[in-house]
Structures are given as C-alpha cells and as structure tokens.
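Here are a few notes to go with the structure. Have it open while you read, and work through the points in order.

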Amino acid sequence: MAGLFIIAHAPLASALKLAAQHCFPEATERMQVLDVQPNLSADEVEAQARLLLERALEGDERGEALVLTDVFGATPCNCVQRLADGVHVKVVTGANVPMLWRALNYAGEPLETLITRAVAGGTQGVMQIATSRPHNQVSQPTSHDQDHRHHQQ
C-alpha cells in the first residue's frame, strides 16, 4: 500500500482521517495527517510536512506516497509541492471523503492507478441531488374557490 499523507487547513485533515475510520479503521493507523494552523509560517508547515511525509514513505515497501491536500495554491498544497518529487510522491488537491475512501479502497494498486481512482472518486462524489418535500410537512388545503380565499361559513 502506498503511504498516505493528508495535509489541509485545520481541522480538515484530522476530520478526513476520522471519516476514513468509519470504513477503513485498519488503514488509518498508517495514515499521516497535518492540520495547518493559521498561526504557522510556511517554513514551519513545510518542516512538519517533511517529517510526516517521511513517515508515510516508510510505510510502503516501494517507497511511494499519495498526498491529498485541500486547495490548490494554498499553503498546504504549496508546501507539499516543494517536497514531492512527482515520481515516488504525488499530490492531488481537492480532497474530499469520496476521494479518500476510493484511495483507501484501492490502496494496494500502483500509485498511478491509485491516483486515477482517487480523482475519479472525488469528482464522481460531487453532484447535485434531487430533493423532495419532507413527508411530514403539512401542505395547504386544496380549495375549489376560484379566488383562492378561504372563507368560513
């Protein structure tokens, strides 16, 4: 299994790890997460990320890791972009629960396949759904009165 490292604005990384524990409790033991606090400098974030990325790489016999981050161009993403080599460490932005669950479900796949599946899970998990009125909501009584006023008799 490729190492997995999630770095995002606080508290998203930890929240994603908690969401992963619902379906993949055994996989979360090897998952590294970093919640980037607003008071940390980019250098401090990068130093913490470097340590956690090394741990993620140690967990894989091939020395590969997938890094998930929340927003392209923001501090978490920028820091790991400097650390990733694009060969053994790859970064995917826009992390969400469907993306994470897909990555964990196919964790044994080669890194390139894992990335394809994670991105597909993330994008397919975003959709508008049909909504209906709750079943317990009371509707207005129908009337055959042409002027639609309710009259008491």
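1. A quick definition before we start: a cavity here is a set of grid points where a 1.4 Å probe fits but cannot get out, and its volume is the space filled by probe spheres set on those points. Bear in mind that this is a predicted model.

2. How many cavities of 30 Å³ or more does the structure hold? The count is 1, and the volume of the largest cavity comes to about 30 Å³.

3. The lining of the largest cavity is made up of Met-1, Ala-2, Gly-3, Leu-4, Ala-103, Leu-104, Ala-107 and Leu-114. Strand S1 (3-9) and helix H4 (97-105) each put at least two residues into that lining. Sorted by class, the lining has 7 nonpolar residues, 1 polar and no charged ones.

4. Next, have a look at Gln-32, which sits in strand S2 (residues 32-36). Is Gln-32 buried or exposed? Its relative accessibility is 14%, so Gln-32 counts as buried, the cut-off for buried being under 20%.

5. Who are the neighbours? Leaving aside residues up to four places away in sequence, Gln-32 touches Leu-4, Phe-5, Ile-6, Leu-52, Arg-55 and Ala-56. One of these, Leu-4, also turns up in the lining of the largest cavity.

How values were computed. Residues are numbered from 1 along each chain as its sequence is written. This is a predicted model: local features need pLDDT of at least 70, side-chain atom pairs count only at pLDDT 80 or more; totals for chains, interfaces and linings use all residues. Side-chain values use heavy atoms; hydrogens and water are left out. Helices (H or I, at least four residues) and strands (E, at least two) are DSSP runs, numbered from the N terminus. Buried means under 20% relative accessible area, exposed over 50%, partly exposed in between (1.4 Å probe, protein chains only). Contact means heavy atoms within 4.5 Å. On a 1 Å grid over the protein atoms alone, a cavity is a set of points where a 1.4 Å probe fits but cannot get out, and a pocket is an open set with protein on both sides within 12 Å along at least five of seven lines; lining residues have an atom within 4 Å of a point. Ala, Val, Leu, Ile, Met, Phe, Trp, Tyr, Cys and Pro count as nonpolar, Asp, Glu, Lys and Arg as charged, and the others, Gly among them, as polar.
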